[in-house]
Amino acid sequence: MTSRFTRYGIKIAWAFVALVLVFLYAPLLPPAINSFANLGDRGLFTHYSAILTDWRLMAAVRLTLLVGLLVAVIAPLLALLAAEAVRVWRIPKLILGVILIPLFVPGISMGVATALFFQILGISPSLLTITSVQVIWALPFAFLIVLTALANFDPVHREAAYMSGANRWQAFLEVELPQIHQGLLGAAVFSLILSFNETIRTAVVQGGNNTVQTYLWSQYQQIGLSPNLYALMTILIVATLALIALLALLDARRR
Amino acid sequence: MTKRPLFGGDALVRAMILGLPFAVILILIVGPLVLTFVISFWQKTGFTMRPDLTLDNYAAFFSGVRLEVLLRSLWVAFSATILMIVIAYPIAYLITTRLREVLVRPVLFLFAVPFLVNYVVRTFAWSDLLSRTGPINSALIAFGITERPLDWLLFSDFAVYLGLITAYMPFMVFPIWLSLSGIDRRLVEASWLLGEGPFTTFRRVILPLSLPGVIAAAIFGFVGAFGEVAVSLILGGTGYQLLGNAIQSALSVLNYPLAAAISSVSTLLMLALIVAWYQFFDLRLMLGKIMMRA
């Protein structure tokens, strides 16, 4: 049916898509290449092992992992409550509108607003302020994922549990949770990825603390990037890619 | 069918538990944004600030160099968003119409992966790729396309647009795909049966129906580019300022009221865009699939 003209057109269109993908993936390579530069006669992983002996970097790594873990636990739980509220309260448009707000606030504005808020309240920059701002940022994404998982759960199953004499918690834990737990896990992994993704908001509320991401950012602004920092970036990229692979695996299992 | 919610018993306790995420959003983002607006009328005093009702901060913002920054941010964000839509729309369209069902998710996934890697790190990487001694210039010289390294690759408008587009465009494919895939095929067929060709069908049926997703994507891209900090600093070079950089430089001299004023302008602009979007489109058109049974 399709003429030769449109068939060529479609081939060109796919070539365009491929070209766009090349542009999107190209930036994932240079940090890895730079992390193996200027090795001299030292080992291949010199710049990587240098991270281990730099206490400031190690403190940043620990903080990044801690914040990431907290965000990965808190955001999906809040998302589950919000998704539950969509079902109970019957005002989905309003709920969606509220939860998606952080998606549409410019990153630096969000940082400034929360920083001023904590300052007025006398809460000094800490793990609390960093985690709060990252949870808020991850919540809309986690919410959409959990909502999708809940949409695949037929409430009739819960009704059946009630009729079999289960109370609300039993119905949730024994009937609903097993069906939606992979969605929750997906939301957790996604939240962790978003936490690894975050620099600008965190940089405004962190005070004297540093995550890996904000450490890179401040070093770039102050003295420039070194091979050690490229090694750190490479680790960050690889960790993110590993988490994405995990997400894909979860998704494939759900289907 | 009666719905028995998860947290039973005391209705108040249930409302409080279910209300938790909204309380968090209200306290940690809506409240602070309002507070920021209030502080934008305060006065800077030495290293701190005191409550006041002055328009000085806005006057400082809307005059001189910072006005230029505002106008440039508006233009860069607007034009970059147009470019992002022009790139993202055909991609979403191809994925929706020309791809077998099993391949849709993997291809969408390909666009999600780079978006999920820290974008500041990706922007650092662009500055390496585009530098005078970087691989792109080396390749261009090796192939004899140019004799000397191209200067305009880095620290230029070109670099900033490239950085912005690769940072925000991938995510824009998703809302556009969502609204395109939600279009009832029968409407397209009806247009065919009524004798319209593919271009008219696209212009009068498909494009209008996909607009909610396009506008949602556009707002996302615009807001991101408008408040940009990293891309302009790393790829624009010294002196290239977008609104986010103006906020950051106000912060770095501890002028919080001015930072609050600039920040509030961008927040209000964002609010206006969202309200307009909300007025014109029904969210369910786009999120109907997700919310079907909710």
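At what angle do the axes of helix α5 (residues 119-130) of chain B and helix α7 (residues 157-181) of chain B cross? In this predicted model, the two axes cross at roughly 145° and come within 10 Å of each other. The crossing in which α5(B) passes α7(B) is right-handed. On the side of α5(B), the residues that take part are B:Tyr119, B:Arg122, B:Thr123, B:Trp126 and B:Leu130, and these meet B:Ala159, B:Leu162, B:Gly163, B:Thr166 and B:Ala167 in α7(B). Divided by class, the contact of α5(B) with α7(B) comprises 6 nonpolar, 3 polar and 1 charged residues.

Chain A contains 12 helices and 0 strands, so that reading from the N terminus gives the order α-α-α-α-α-α-α-α-α-α-α-α. The C-alpha atoms of this chain fill a box of roughly 70 × 70 × 35 Å when taken along the principal axes. Of its 255 residues, 45% count as buried. Among the contacts in chain A between residues at least 6 apart in sequence, 79% join residues that are at least 24 apart.

The largest nonpolar core has 154 residues, and those with the most contacts inside this core are A:Ala75, A:Ala79 and A:Val146. Helix α4 (residues 55-89) of chain A gives the most to the core, with 18 residues. For A:Ala75, once its neighbours within four places in sequence are left aside, the residues in contact are A:Val135, A:Ala138, A:Leu139, A:Ala142, A:Ala187 and A:Ser191.

In helix α5 (residues 92-99) of chain A, the buried residues are A:Ile95, A:Leu96 and A:Ile99. Seen down the axis of α5(A), these buried residues fall within an arc of 95°, and they therefore line one face of the helix.

Between the two chains, the contact draws 74 residues from chain A and 72 residues from chain B. On the side of chain A that touches chain B, the residues divide into 59 nonpolar, 10 polar and 5 charged.

Technical notes. Residues are numbered from 1 along each chain as its sequence is written. Chains are lettered from A and ligands numbered from 1 in the order in which they are written. This is a predicted model: local features need pLDDT of at least 70, side-chain atom pairs count only at pLDDT 80 or more; totals for chains, interfaces and linings use all residues. Two residues are in contact if their C-beta atoms, placed from the backbone, lie within 7 Å. Ala, Val, Leu, Ile, Met, Phe, Trp, Tyr, Cys and Pro count as nonpolar, Asp, Glu, Lys and Arg as charged, and the others, Gly among them, as polar. Axes are lines fitted to C-alpha atoms, for helices over the stretch in contact, and angles run from 0 to 180 degrees between N-to-C directions. Helices (H or I, at least four residues) and strands (E, at least two) are DSSP runs, numbered from the N terminus. A crossing is left-handed if the near helix is turned anticlockwise from the far one by less than a right angle, and right-handed if clockwise. A residue is buried if 20 or more other C-beta atoms lie within 10 Å of its own, exposed if 12 or fewer, and partly exposed in between; C-beta atoms are placed from the backbone. The arc is that of the directions from the helix axis to the C-beta atoms. A nonpolar core is a set of buried Ala, Val, Leu, Ile, Met, Phe, Trp, Tyr and Cys residues joined through C-beta atoms within 7 Å.
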